[in-house]
Every structure is written in C-alpha cells, then in structure tokens.
Amino acid sequence: MSTTNQVAIQAEGLVKRYGSTTALGGVDLTVPTGTVLGVLGPNGAGKTTAVRILGTLLRPDAGHATVGGYDVVREPGKVRGIIGLTGQYASVDEDLSGRRNLIMIGRLLGMGRPAARTRADELLERFELSEAGDRIAKTYSGGMRRRLDLAASLVGNPSILYLDEPTTGLDPHARNGVWDTVRNLVLDGTTVLLTTQYLEEADALADSIVVFDKGKVVASGRPAELKAQAGRQSLDVRPAEPGHLERVAAIVTEAVGVRPTVDVVNAVVSAPVTDGSSMPVVVRRLDEAGIAVTELSLRLPSLDEVFLALTGHAAEEVHTDVLEGASR
Amino acid sequence: MSTATVDAAPAAHAARRSRPFAWIEQSLTLAWRNLVRIRQNPEALADVTFQPIIFLVLFLFVFGGAIANGGTWHDYLPYLLPGLLVQTVVFSTMGTGVGLNDDFAKGVFDRFRSLPIARVAPLVGAVLGDAVRYALSIVILMSTGFILGFRFQNGVGYGLLACLVVLAFALSMCWIWVWLGLKLKTAQGVQGIAFLVMFPLTFGSNVFVQVDTLPGFLQAFVNVNPIKYLVDAMRGMMLGGDIQRPLLITLAWMVGLVAVFAPLAIRAYRQRT
C-alpha cells in the first residue's frame, strides 16, 4: 500500500535467551513506513519478546534493530520518542481515572498542564470514553480498558505503534472497534506492528504477515500469499437434522468435486475449497432437497491449520485452549 | 540495510528538547500520581495512621509502668515518643518498596519505561509521593503524643527540626527498599526481608529502653546501630541534651544510604525486564 521505500522498523538476527530457553532464535523483520506488519503465532512463539526488544524494554543478546533509523540499544531514548506501545504489559494505572492516566502521560512527555488536559479530552472523545473519563480504570470493561491502553500509547502522537495482541479476550464488537482505530491510524500514516494469535485479525489489518514459531520466523508474505500457502478455506455445512448428514455430504461432493469429511459427533460436513464459488451451488441444492441447515460457512484456515501447513506440526499442545479460542 | 529515517516529529517530541530539568518535572508528575492513588485508596494508609496510634498506646500503657522503673506511663511518654517516632517512620519506608514491586507486577512501569523520560523519574516520583505518607505518620504520632501530654522541652523550633530530620532519614533509608522492591520477585518477599531487617534495627536500639540496661553484646550492636544515633538526636532536639554528635553521625548515615542504595536501585531499574 505504501509507495515509499523508507523503512520504519528493521531487525536483523535478534536473539534473546532466558537461561536455557531461547525466546528468540535469530529473527529478521522489515516494516516499511506507513504499513502494518502482522506478527502471527501462538503463545510462547516469541512475539512479545520481539516487541519488547523493539520497544527498548529488553536488550537483545545478539543481533540489532533500528526503529525510525535509531538503534534500539544505543539510542533507546530517541526510539522511545517516536513509538507508542500497547500490550498486556505496558498498561495503564488502574487506580487512576482514564482522564488522569492520559494527563499524566502528557505531562511526562513535557506538555504543559492545559495542553495535557486538552490532549486527554481529545483522546477520550475519540475512543468514546468521555463519559467514563473520570472513573478509575479498574472499573472499565475489557473493551474500554483496551481503548484506554490504546489512547495512552497515542498521547505523544507516535509515528510507530506496537500493538501486542490488542484484541485477545475482547468480544467481537469491541474487537471491531479496535480494528477501526488501527485502520484510521494507518490512514494517518502511522506504522503499525501488530502481534496476534488470529489469522483473521492479521488478514483484516496487515499489509504483510510474518509467522513466528518457537522464536523463529517460519513464513512471511502478504496475507493472500500466506493463505494460499496455508492451503484452503473450509466450507462447513451443519444440517438442522443430524439424519441428513449423508444427503448433505452427497450434495457437497457434487458441488465441490471432492468427498467432504463428515463429522458425526458435531454433525457437520466440511470440505476443503479454494474459494467461495461453490457456495451458491450448495445453497441451491440444499434448498431443492428441502434440507434445513443451522450453519453454512466459509471459514479461513485457523491458526492451527496454518501452522500445520506451514510448519508441519501443530501449534504447541499446551496452548490448545487458546488455539480453540483462536479458531473461534 | 536502509537507514532512512522516518520523519517522526510529533509536537510533543519537539517540545521536549531544551529542558535540562525535565527529570524533576517528570518526578513530580509521578509523585502526583502516587498521591492521587492514595486518595483513591485511603485504606492503604492504615500503616501510617492507625498503626502508630496503636503502637503508642500499646507501649505506653502496657509496658510504660514496667519500663519506667517505679514511675508511671506519664514518666515514660517523653522518653518513648521520640523513639517510637523513629520506629514508626522507619517501618513505613518499606511500604515504598512493596508499592514499587506491585507497580512492576501490574505493568504500569513498562509504560513508563517505554516513554522518553529520565530513568530516575519513576523512582524519585515514588519516593517523593511516599514522603507524604511519612509526613502523615509523623503528624499523627506527634498529635497523639500531644493529646497524651507530651511537650517539646527544648523549644518548638528544635522540635520541628527533629520531625524534619526523621523525615529526611526516612527518605534516605527508603532507597534500600526501592532497590529490594526492584530486585525481588514478589511484594511478600520485600516485606519479609524488610521485617527481618527492621525488627533487630529498631528493637535492638534505645527506642524503648536505656542502652545501659542491655547485656554487653547487645550494647555493642546498639552502639553501631544508626537508629540509636537518630533516636539520640531526636531526644536531644525534643527534650534537651547532646544534639551535635548524634546528628552528625545520623547525617553521615543518610548520605551513605543514598550514595549506596540510590545507584543500586537505578541500576536494578534499568536491568529489570
């Protein structure tokens, strides 16, 4: 999307070890100015470690990185001057009101009291927090809290923004709100590095995606390329009547050209497809056969499936609960 | 590799330059934050409000008669109050370390560390904010003492100076807990170590009893205990007696504590991840 060749974030061979575990095993990243990079991976893949290094909160054991042309190790103060950080860790003060959190950050950034107040009010307005502005942050809902985190990272008008899993744990409505905000920021020219466990999120926001696995980049490319690499989408049909499973399977076979898998336990028929062109055919045939369905969907590959396709192994078993959440 | 620089010149960025004393302003802003938090959670002030009163009443009425050696609690009060003031304020310094540790656990300090502000600002801010807690404990304990009949016997000027000295001592000593608060993993750990250090320091001193009533080995410890000299200085200023020598020793300890523990704390802050 960006026509400029300028590079906002450049990392080469970043390594970070904690004792005998290697959190990052040599990561390269390049984010052109004004674009969004999605860093996709399960918990423990090293996403947060990478963001913390690029945010000057952590020193790499090897490799180097520049942000806005400044070295993250040698010129951390300059890097801090142009970045904004939002994540599970860089959070707001729960015992302060939303407004006071924002005023405090404005003051810390050297704004005078009136300027800091004005800026806080602007941001509260923009993130629909004006009414809740004087309540302490502890009382905010998950979505409000995330919006306040985001507002806090924008007080200094950063040109580069790190969003570490900005929508994990949010309901779809709140998630859409965060997405809209990110899109607007990018329209204003902000460079965004976004980590996520959801392919859907990376697909919706990112210009390019890197996939992390065990501290390494295992795949990178534009979202469409990755999805192609990760294989197909899945056409799922769930008949209202479990007895219709076989008839549905026959219809799907005819429309798609391959025999679908029939999941008797969940009463759902799934077929791999490359696009949605067979969808209308399936709908028509089901209608003709008088079969009612409770679900008919075209699903992007889940992170599990992307992982399986890209790395040949499933994302860490220990994180299955998270991954189930990721695949919906 | 391209080193093209992003034209990142937000207004705030430009405004930050040419401010050599920015760290003072930043520290004051963060001290303000701590005060707002106190106002939000007044119950967190129990250790500097009710606790001093309970201690004073307890020691005065339970042990006063026995310790005063034939006298009554009336005779013990002038001796006890300057000592207890030291103990109370010294104990409240550990709250600074516990609070900092808590802040780190909650992630708010990562926000501060990602901002282009002076490294010392969050620590100095925490200490300055807590100065208000220390001052409050001094005011409360002295007021209770006055109600029970305590009077400055060496003039009000010296009495107030004594209060300032004990406040300054607390501000120097709290750097130990700032450092440990950053070094240790949990707030409970900070508190545990703080108690281990504080009890021998304050009870193994002249806070409650005359040094010459103690066995020899304990006297040896008391004579190197900085708390003893602070208490001596306090009694000198509040009741009369030698001021200069204990005050100078106390000041030397204050300088030493800050010189050692403030740099350690700042280093721990930088390294903490």
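**Note on the predicted two-chain model**

1. Chain A is divided into domain 1 (7-229) and domain 2 (233-300); such bounds come from an automatic or database domain assignment. The centres of domain 1 of chain A and domain 2 of chain A, taken over C-alpha atoms, are separated by 40 Å. This is a predicted model, in which local features need pLDDT of at least 70 and side-chain atom pairs count only at pLDDT 80 or more, while totals for chains, interfaces and linings use all residues. Residues are numbered from 1 along each chain as its sequence is written, and chains are lettered from A and ligands numbered from 1 in the order in which they are written.

2. Chain A has twelve helices and 14 strands. Helices (H or I, at least four residues) and strands (E, at least two) are DSSP runs, numbered from the N terminus. Of the 328 residues in chain A, 49% are buried. A residue is buried if 20 or more other C-beta atoms lie within 10 Å of its own, exposed if 12 or fewer, and partly exposed in between, with C-beta atoms placed from the backbone. Among the contacts in chain A with a separation of 6 or more, 67% are between residues 24 or more positions apart; a contact requires C-beta atoms, placed from the backbone, within 7 Å.

3. Strands β1 (residues 7-18) and β2 (residues 21-32) of chain A pair in the antiparallel sense over nine bridges. Two strands pair if DSSP finds at least two bridges between them. V7(A) has P32(A) as its bridge partner in β2(A). The two strands β1(A) and β2(A) form a hairpin with two residues between them, and G19(A) in the turn has a positive phi of about 60°. β1(A) is also joined by five bridges to strand β4 (residues 62-67) of chain A, again antiparallel; here V15(A) has A62(A) as its partner.

4. An open sheet of six strands in chain A has the order β6-β7-β8-β3-β9-β10, with mixed pairing. Its edge strands, each pairing on one side only, are β6 (83-86) and β10 (216-221) of chain A. Neighbouring strands of this sheet are turned by 15° against each other on average, direction ignored. Axes are lines fitted to C-alpha atoms, for helices over the stretch in contact, and angles run from 0 to 180 degrees between N-to-C directions. Strand β9 (residues 208-213) of chain A runs antiparallel to β10(A) and is joined to β10(A) by five bridges; V210(A) has S220(A) as its bridge partner there.

5. Two helices to check against this sheet are α1(A) and α6(A). Helix α1 (residues 47-54) of chain A packs on the sheet and touches β3 (36-40), β7 (160-164), β8 (191-196) and β9 of chain A, with its direction at about 155° to that of β8(A). Helix α6 (residues 172-187) of chain A also packs on the sheet, touching β3, β7 and β8 of chain A; the direction of α6(A) makes about 155° with that of β8(A).

6. A further open sheet in chain A has four strands in the order β12-β13-β11-β14, with antiparallel pairing. β12 (261-263) and β14 (293-299) of chain A are the edge strands, each pairing on one side only. From one strand to the next the twist averages 15°. Three bridges connect β12(A) with strand β13 (residues 268-273) of chain A, in antiparallel fashion, and V262(A) has V269(A) as its bridge partner in β13(A). Helix α9 (residues 245-256) of chain A packs on the sheet, where α9(A) touches β11 (233-239), β12 and β13 of chain A and makes about 10° with the direction of β13(A).

7. Chain B has twelve helices and zero strands. Its C-alpha trace spans about 85 × 35 × 35 Å along the principal axes of chain B. Of its 273 residues, 41% count as buried. Among contacts in chain B between residues at least 6 apart in sequence, 79% join residues at least 24 apart.

8. The 27 residues of helix α7 (residues 121-147) of chain B should span 39 Å at 1.5 Å a residue, and the end C-alpha atoms are 39 Å apart, which agrees. The expected span is 1.5 Å times one less than the number of residues. After α7(B) comes G149(B), with a positive phi near 115°. For helix α8 (residues 156-183) of chain B, 28 residues should span 40 Å, and the end C-alpha atoms are 41 Å apart, which agrees. α8(B) has a kink of about 25° centred on M173(B); the bend at a residue is the angle between axes fitted to the seven residues ending there and the seven starting there.

9. G95(B) lies in helix α5 (residues 94-106) of chain B. G95(B) is buried because 23 other C-beta atoms lie within 10 Å. Not counting residues up to four places away in sequence, G95(B) touches D47(B), D130(B) and R133(B).
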